[in-house]
Amino acid sequence: YLNIAPVPKWALITVAVAGAILLLLFLVCIVKCCCSKKKPKKKETIGLCAVSNSSTTNLVQPEMEDLEWEVEQKRRGKLQYSLEYNFRIQELKVGVKQAVELKAMDSGGTSDPYVVVYLTSDMRKRYETKVYRKTLNPIFNESFIFQVPQAEVSESTLVMQIYDFNRFAKHDVIGEVRLPLASVNLHHVIEQWSDLAVASKVEQEHLGEICFSLRYVPSTGKLTVLILEAKQLKRMDSNGLSDPFVKVHLILNRKKWKKKRTSVKKNTLSPYFNEVFVFEVPFSQIQNVDVVISVWDHDKVTKNEPIGKLFLGCRATGNQLRHWSDMLSNPRRPLAQWHILQPPEVVDKALGLKSHLKLPLHSR
């Protein structure tokens, strides 16, 4: 038998410590490997979010849109025009000179342009130039005269719209120049170029405004309408004025019921009436009543023409409904308010009036 020497105790301790160190190093390496694999994924996720939601992207995009918009604007071309105001006879002369680099509206790469000229203060008077065929650089050299009282110059905007003529279809608008006269020094003759802008939507003609008060007393069933005044009414006569008067109609269940009218005010666009009308409307019927206020131009020779209308009642909207609601919630208290007149046909359509039938209710 071989005699095996006993292993010293210190050697066993050394082997155990070395093994523990090796095991610890092995574990550290595993942890590092795992962490290093996860980090790239984390970075990738953050990077994608940062790109998709970054403020840089949001800032760049509007700039691109602005550039495209500017290019689109420039593509419409330019218009040269002149302005001359005669303070003595209160007359505005507008000269439409020429246009250049107009946007091509036809398939052949050209347009058939003409210009429409009007003032927002009186859109009944609209002038048109001749049509020029197949050109993007037409020379018009036409002048138009507008009668504009000096007091109304600052309230007017000159609009010059260039259209592309189409014989069998709707004429397309190429662009427009919109010039508030308040921003122009009309003491000198003006001749200048302006870039064409995208044409505004068709604007509703300003027909004027009217101020009146309403008062209702439920216990007596009395509805009081006080017509106070009107201003900036549409010109209806050749002299640039009108002879306005006001009609007040009561509509019950969509049928005409009662009506009254003011006196006629001659040669004015800002009449003062201060005339009061009292109607008997039972409390049981007040929810079914519409009050129609209409302004008319009186004419001795021809038929009276409506300037504008509006109606109040539970079927109304906007300021008219608010005025009516305020009246009902404040019984016995007169409430005055200004209202903008609307086109008569628009109000008539909204009212949906039935045929004229007399009701078994008498008017006073």
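Biologist: In which helix does L25 lie, and what makes a stretch a helix?

Modeller: L25 lies in helix α1, which covers residues 9-53. Helices are DSSP runs of H or I with at least four residues, strands are runs of E with at least two, and both are numbered from the N terminus. The run over residues 9-53 has at least four residues, so it is called a helix.

Biologist: How do you know what may be read from this model?

Modeller: This is a predicted model, in which local features need pLDDT of at least 70 and side-chain atom pairs count only at pLDDT 80 or more, while totals for chains, interfaces and linings use all residues. Residues are numbered from 1 along each chain as its sequence is written, and side-chain values use heavy atoms, with hydrogens and water left out.

Biologist: Where in the protein chain is confidence lowest, and where is it highest?

Modeller: The scale is pLDDT, the predictor's confidence in each residue, from 0 to 100. The chain has a mean of 81, with 80% of its residues at 70 or more. Confidence is lowest in helix α2 (residues 55-74), with a mean of 46, and highest in strand β10 (residues 222-231), at 96. Residues 37-62 have a pLDDT below 50, and this stretch makes 3 contacts beyond near neighbours in sequence, where a contact means heavy atoms within 4.5 Å.

Biologist: Why is the pair of E152 and R235 called a salt bridge?

Modeller: A salt bridge needs a side-chain nitrogen of Lys or Arg within 4 Å of a carboxyl oxygen of Asp or Glu. In E152 and R235 the closest N and O atoms are 2.0 Å apart, which is within 4 Å, and therefore the pair qualifies. The pair links distant parts of the chain, with E152 in helix α3 (residues 150-153) and R235 in the loop between β10 and β11, 83 residues apart. The whole structure has 5 salt bridges.

Biologist: How do you know that β1 and β2 pair?

Modeller: Two strands pair if DSSP finds at least two bridges between them. Strand β1 (residues 78-86) and strand β2 (residues 91-100) have 9 bridges in the antiparallel sense, so they meet the rule. One of the bridges joins E84 to K93 in β2, and the two strands form a hairpin with 4 residues between them, where Q90 in the turn has a positive phi of about 50 degrees.

Biologist: What makes β5 and β8 edge strands?

Modeller: The open sheet has the order β5-β2-β1-β8 with antiparallel pairing, and β5 (139-147) and β8 (190-195) each pair on one side only. β1 and β8 pair over 6 bridges, among them the one between S82 and E191.

Biologist: How does helix α4 run against β16?

Modeller: Angles run from 0 to 180 degrees between N-to-C directions, with axes fitted to C-alpha atoms, for helices over the stretch in contact. Helix α4 (residues 318-329) lies across β9, β10 and β16, and runs at about 170 degrees to β16. These strands belong to another open sheet, of order β13-β10-β9-β16.
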